[in-house]
Amino acid sequence: MSVRVRFAPSPTGYLHIGSARTALFNYLYARHVGGKFLLRIEDTDIARSNEESTRSILEGLAWLELGHDEEVVFQSDNADKHRETAKSLLAEGKAYRDFTPKAEPGDSSVKDAIKERARASAEGSAGMRANPYRLISEVESDTRAASGEPFAIRLKVSETGRTAFDDAVYGIQERDYADTEDLVLLRSDGHPLYNLAVVCDDIEMGITHVIRGQDHLTNTHKQILIYEALGITPPIFAHLPLILAPNKGKLSKRKHGEIVSMTTYRDAGFLAAAFRNFLALLGWSAGEEKEIYSLDELIAKFSLEGIHRSNGIFNFKENDPRHWTDDKAIWFNAEYIRTMPLAELLPHVKAELKANKLWKDEYDSPITDEGLANGSELTADSHYSTWFLHTVDLIRQRFFTLKDFSSQGRAYFSEDYDLDAAAVAKNLTKFPELREWLPELAERFESEFAGANWPPADTGGSDKTFTEENIEAVVKAFAEEKGTKLGVIMNGARTLLTGVAVGPSMLSVFEILGLERTLMRLRSQVAWNG
RNA sequence: GACCGGUUCGUCUAGGGGUCUAGGACACCGCCCUUUCACGGCGGCAACACGGGUUCAAAUCCCGUACCGGUUACCA
């Protein structure tokens, strides 16, 4: 039988990082064994579920490129079948009606109330089989039900025995029946509850492997009870370790906010491939000293055996912009940006520039400017201009996210860029002479490179081209003439021309910006005027 | 409280009785490169939770303790 797995989120918020990893592991496993990866939205809790969440989850999955097979299943569509199942269990005597009035929620939080109740029932010797309605006669039960008295349907768990299963990650798991309550299958208002719905749907969908968070470990025992009552062999279970906050506590939407949401990473300029890579290595490893895995490699190497048993921490520092999310996630992203094939990166850069109104159609123009000075290997099979190719390749080396192309890299694509105040102070205003020198350097460039412009094609005459070696000679001579260090000129120019204090070799920057823009910017007095 | 699970550098992890004076990655620190730098190169700091066993030999196996987490709903 071929493998069928499912990702089954409940739509009560955006796609959480832990859920995203669960989805990824399901996806990788399915692809690894050539099975199907299905998606089911567990929207049985009408009060908490909403369409907005479903949309957000779908968006998150789409961003991560975890495409599912077959149609999305909405659990609420199957409620009738769930009810039927509960009723048949009742008819077979494997479940019973509980006429106990539904408890009203108290003042304390739900969690605390549960804990209190659990403690209380543990102290009383009643145990899990104490429900009086477990024992009433079929006739009495039928009569009361017929008279309209509301009831919940509970599974009748045997007095003695135990549930057991062999978890693909955690190994043999056993639990005494005495530790499991007669769980409610159907609420008194007729609503099917989680455990029933999951089992019914997993059966219906032909799920062979259930891969989910280990917070479901105890639910699994309850679900096995339902499978047994139904006379159906349970699927294989594989529980995943949890992803915790830096304080080892729960990573929650309420406490940690946006940082746990997939859309945050999409919007912050992360590459899906990089984030997937990061996620894959949180709780799983191939047992080798390797960090960067393409999706195909992950699929090829993924195995349930490689999943860890201990919870992992999603490490970040609140209030520290440099470490606002897990350092390793940031590193993966930066690594992908600077090393991935340029052709794969370019569409993302284009989208980023477009979103910030920095895109120009000329970047799209197929290569006509063949005469690249530094005769590059950057093949332009592409739909992008050579200048665009070179610029992106040059500046990506020091970038972390796609956002950097429109922020730090703005000056390459627009004349409208801000100068970083700290950079201005350090590299320009500290050397007042630069106010005269830089325009003077512009004059020098203009006379030396008259007629030449970017692209540095052969301009025919004896004019030198505006390329690194030639620029270097001119700037060096200029600095010497002024009796100053080369760095003063270079750093001043860098700040004025790019707005920031860091970047690639200044010679490359001059060249890539071209003579015309270089002259214009060197003559600008904005750094001193305002 | 009860039941279940977990514990290797700050974090992600390798390791499954001897090859472990415990390896890699991120972060951090230092040096180098350099006109700057968040690129790159080299190096450094830094861990087997604790206590008992078993064994010639334990990070690896067993037991206990501690700590952390999960669950204990007519939530999912």
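So, which strand does Leu 39 lie in? That's β2, the stretch from residues 36–41. Keep in mind that we're looking at a predicted model here.

Let's stay with Leu 39 for a moment. Its relative accessible area is 0%, and anything under 20% counts as buried, so Leu 39 is buried. Who's around it? Setting aside the neighbours within four places in sequence, Leu 39 is in contact with Phe 7, Pro 9, Leu 58, Leu 61, His 68, Glu 71, Val 72, Val 73 and Met 205. For a sense of scale, take Ser 147: it sits 108 residues from Leu 39 along the chain, and the two C-alpha atoms are 41 Å apart.

Okay, on to β9 and β10. Strand β9, residues 209–213, pairs with β10 in the parallel sense, and there are 5 bridges between them.

Last stop, the aromatics. The count comes to 32 aromatic pairs. One cluster is made up of Trp 63, Tyr 265, Phe 270, Phe 275, Phe 278, Phe 314, Phe 316, Trp 324, Trp 331 and Phe 332.

Arg 144 has its charged end over the ring of Phe 99, 4.8 Å from the centre. Then there's Lys 290, whose charged end sits over the Tyr 293 ring, 4.9 Å from the centre of that ring.

Technical notes
Residues numbered from 1 in each chain as written. Chains lettered and ligands numbered in written order. Predicted model: local features only at pLDDT ≥ 70, side-chain atom pairs only at ≥ 80, totals over all residues. Heavy atoms only, no water. Helix = DSSP H or I, 4+ residues; strand = E, 2+ residues; numbered from the N terminus. Buried < 20%, exposed > 50% of the residue type's maximum accessible area, 1.4 Å probe, protein only. Contact = heavy atoms within 4.5 Å. Phe/Tyr/Trp six-rings, centres within 6.5 Å; stacked < 30°, edge-to-face > 60°. Lys NZ or Arg CZ within 6 Å of the ring centre and 35° of its normal. Pairing = 2+ DSSP bridges.
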